Every structure is written in structure tokens, then in C-alpha cells.
Amino acid sequence: METTNKDFIIFQNVTFSYFDDDTDTAADNGSQVDETAASDTHMPRKRKNAVENVFFSVGSGEFVCIIGNNGSGKSTLAKLMNGLLVPGKGTVISAGFDTKNDTDIWEVRRLVGIVFQNPDNQIIATSVEDDVAFGLENIGVPRDEMIRRVDEALAVCGISDLRQSEPHLLSGGQKQRVSIAGIIAMKPACIVFDESTAMLDPKGRQSVMDIIKKLNKEEHITVVLITHHMDEIVDADNVIVMDKGRIVKEGSPADIFSDKKLISELSLELPPAAGVFESIENYDFGMTVLSPEQGVEALMNKFNWNFGG
Ligand SMILES: Nc1ncnc2c1ncn2[C@@H]1O[C@H](COP(=O)(O)OP(=O)(O)O)[C@@H](O)[C@H]1O
Ligand SMILES: [Mg+2]
């Protein structure tokens, strides 16, 4: 891809900690020890770093993936990106704003949307179109423009025919597309998908991945995709690998999947096509195969196959 200024999201030496004794308090900002909360024991509450000394940046229009085992800090990074969490140490610049700056926080959250894992927790209204309009109503967008933006968002997400439907009757993949449409209507510059396909069946997962790729390629929305599905990351511009709150590797999908030591240490899976080609040990294909398309290319090169005529 062409060079971009990698300055849409910038993490500079970011550390974030949660209270160690309370896994439900996500909203504290990690910046101090709270002496009062555990006053009955006269002990300051302990904090545990979820993300530690993290540096990275995302360029406008990029498709960036974050992978890593459960508990490695991926969701914490996602929430730091749009100011749902604020770093205890270091700085997060998102869409040009320092997320520590309260005055710009709503603009940061509009410009950087997050789609979470469970679609049921993200649906608010009793019809699809009301759900998609919800954010616009909150910021007082005039009725005409609201209708236009909802129409557009439904069309982009391929769910125009579902506009009158009751969200709870939809499939998981359809619900996630409703969540995405609600974000699109707000005209974001970036969307972070935090394991948004994890609860979907293969068909739903494919339909959501198709939308995500279209948003990036055609609508030029910057995408940060957090996933356990390795076939979803083979087209990424950049892949960030997290382990125990730290970035342990960053690079192209080929860089990541050719690092056998890293793959085995973190027990990461290979994309299905890469696994197949890995097992064909007697041939040097002269290229890294991560997708079925690349597999076809490798075979055609190797054996001078030519299906095109
Ligand atoms: N709300 C919370 N309160 C306390 N600890 C948390 C909270 N959320 C996450 N953690 C801890 O922070 C670390 C990173 O979690 P998380 O960012 O959710 O990782 P991932 O998304 O990679 O699974 C884990 O050790 C997790 O237990
Ligand atoms: Mg997570």
C-alpha cells in the first residue's frame, strides 16, 4: 500500500491499570491509588497493569489487526483508543485529540466508534431504524438529515430491507450489522471491532467481515480489528501482537506468520490456507501463503499452471 502518515491514532508509552480486586470497575482511569475505597482494611487498593509501556500508531485509512491471547490487553487498548478509558501514564492521541482532554471527548467517541463482541448488549431500540437513529437523536440531528443518514447507513451495511424489523428477532450477524450501521450514521473516521465476529456463525461472520472490508476499502474508514480468527487478518496493513499487556511483535501478516518461535510461544493458530501449505514440506513455493487466493497463486507459479488461457 502507499505510505500514509501514521498519525490517526498515536499511543506514546501508554500504561493502564485496573484495580486488582474489582474486575467490574472499568471506568476508573488508572491514574492514582484510591486510599479510601478499602478503608475498612486500612490498605491501599492494589492496581494491576493491563497495558504496559505501549507505543504504536495507526495511519488514516489503514486496516490494522490486534491479536493475542485472552487477558493480553486487547480490549483495554480498544477502550483507550476512543477515550472510554484514559491512560494512567503516557498519552493517547486519537483523531488529533489528546483523550485526556475532557472538552474533546465526545468528538473522539464519535470519530472512533467501537463494535463489541455481544450484539445483544448494543441494541437499544425496538426497531432497526430507531436503533440506527439513536445516536443521531442524542446529538440533535435535524429530522431530514437523520432520515438521510439512517438510509445511507442501512444501505452501506446491506440491511435496508430490515429497517422495520425488531432487532431481537434478527440473527447475530444481522444484529452486528445494525450496530455497525448505528456507528456509520455518526460519520466516524475509524471503527474498532473488538472480537465483533466471535459470537457469530460462519455465515454471519462472513457477512460482517464483508462489511468491514467494504468500509475500509470503499468508505475509507480506518479499521482496527481485534480477533482470534487468523483468516481475518491476512489482508491487514499492520498486525500488532499483544502478550501480557505488552506489544511483543508488530509487522505484516507474512512477518507475523513466518515467526515460528512467536507462533509456538503464544500458541497462535496459522490461517487455514497457511496451515495447509506448511504441511506440504517437500516444495519451496517461494512465497508466503496465508489465504486460499495466495495458495492458488503459489501453485500456478510453481507448476506453471495457467487457468486463464
Ligand atoms: N474491568 C476490569 N477490572 C479489573 N481488571 C480488568 C478489567 N478488565 C480487564 N481486566 C484485566 O486486564 C487485563 C487485560 O484485559 P483485557 O484488556 O480485557 O484483555 P483481552 O481483551 O486481550 O482479553 C486482564 O488481566 C484482565 O483480567
Ligand atoms: Mg477482549
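Two strands are said to pair if DSSP finds at least two bridges between them, and helices (H or I, at least four residues) and strands (E, at least two) are DSSP runs, numbered from the N terminus. The views below show a predicted model, in which local features need pLDDT of at least 70 and side-chain atom pairs count only at pLDDT 80 or more, while totals for chains, interfaces and linings use all residues. Residues are numbered from 1 along each chain as its sequence is written, chains are lettered from A and ligands numbered from 1 in the order in which they are written, and side-chain values use heavy atoms, with hydrogens and water left out.

**View 1. Strand β8 and its partners β7 and β3.**
Val 192 has Val 224 of β8 as its bridge partner, and the pairing of β7 with β8 is parallel over five bridges. Strand β3 (residues 63–68) also pairs with β8 in the parallel sense, over four bridges, and here Phe 63 stands opposite Val 223. Five of the five residues of β8 (222–226) are buried, where buried means under 20% relative accessible area, exposed over 50%, and partly exposed in between (1.4 Å probe, protein chains only). In a regular strand the side chains alternate between the two faces of the sheet. In β8, Thr 222, Val 224 and Ile 226 point one way, whereas Val 223 and Leu 225 point the other way. Together, β7, α6 and β8 make a right-handed β-α-β unit; a crossover is right-handed if, with the strands pointing away from the viewer, the path from the first strand over the helix to the second runs clockwise.

**View 2**
Four strands, in the order β2-β1-β4-β5, form an open sheet with antiparallel pairing. Because β2 (47–58) and β5 (97–98) stand at the edges and have a single partner strand each, one side of each is left without a neighbour in the sheet. Strand β1 (residues 9–19) is joined to β2 by eight bridges in the antiparallel sense, and Phe 16 has Val 51 in β2 as its bridge partner. Helix α1 (residues 74–81) packs on this sheet and touches β1, β2 and β4 (89–94), its direction making about 120 degrees with that of β1; contact means heavy atoms within 4.5 Å, and axes are lines fitted to C-alpha atoms, for helices over the stretch in contact, with angles from 0 to 180 degrees between N-to-C directions.

**View 3. Helix α5 and its surroundings.**
The 13 residues of α5 (172–184) reach 18 Å from the first C-alpha to the last, close to the 18 Å expected at 1.5 Å a residue, the expected span being 1.5 Å times one less than the number of residues. This helix is mostly covered, with 11 of its 13 residues buried, including Lys 175, Arg 177, Ile 180 and Ile 183. The elements that cover the buried residues of α5 include β6 (112–115), α3 (128–138), α4 (143–156), β7 (190–194) and α6 (202–217). From the side of α3, the buried residues pack against α4 and α5, and among them are Val 128, Val 132 and Leu 136. Just after α3, Gly 140 takes a positive phi of about 70 degrees.

**View 4. Arg 149 in helix α4.**
Arg 149 lies in helix α4 and is buried, with a relative accessible area of 12%. Its side chain reaches the backbone oxygen of Ala 185 at 2.8 Å. Leaving aside neighbours within four places in sequence, Arg 149 is in contact with Leu 136, Val 141, Ala 185, Met 186 and Lys 187.

**View 5. Ile 114 in strand β6.**
Ile 114, found in strand β6, counts as buried at 9% relative accessibility. The C-alpha atoms of Ile 114 and Lys 79 are separated by 8.1 Å, although the two are 35 residues apart along the chain. Not counting residues up to four places away in sequence, Ile 114 touches Ala 78, Lys 79, Asn 82, Leu 84, Gln 122, Ile 183 and Val 192.

**View 6. The β9–β10 hairpin.**
Strands β9 (residues 238–243) and β10 (residues 246–251) pair in the antiparallel sense over five bridges, with Arg 246 in β10 as the bridge partner of Asp 243. The two strands form a hairpin with two residues between them, and Lys 244 in the turn has a positive phi of about 45 degrees.

Methods:
Polar contact = N/O pair within 3.5 Å; in protein donor to acceptor, adjacent residues only side chain to side chain.
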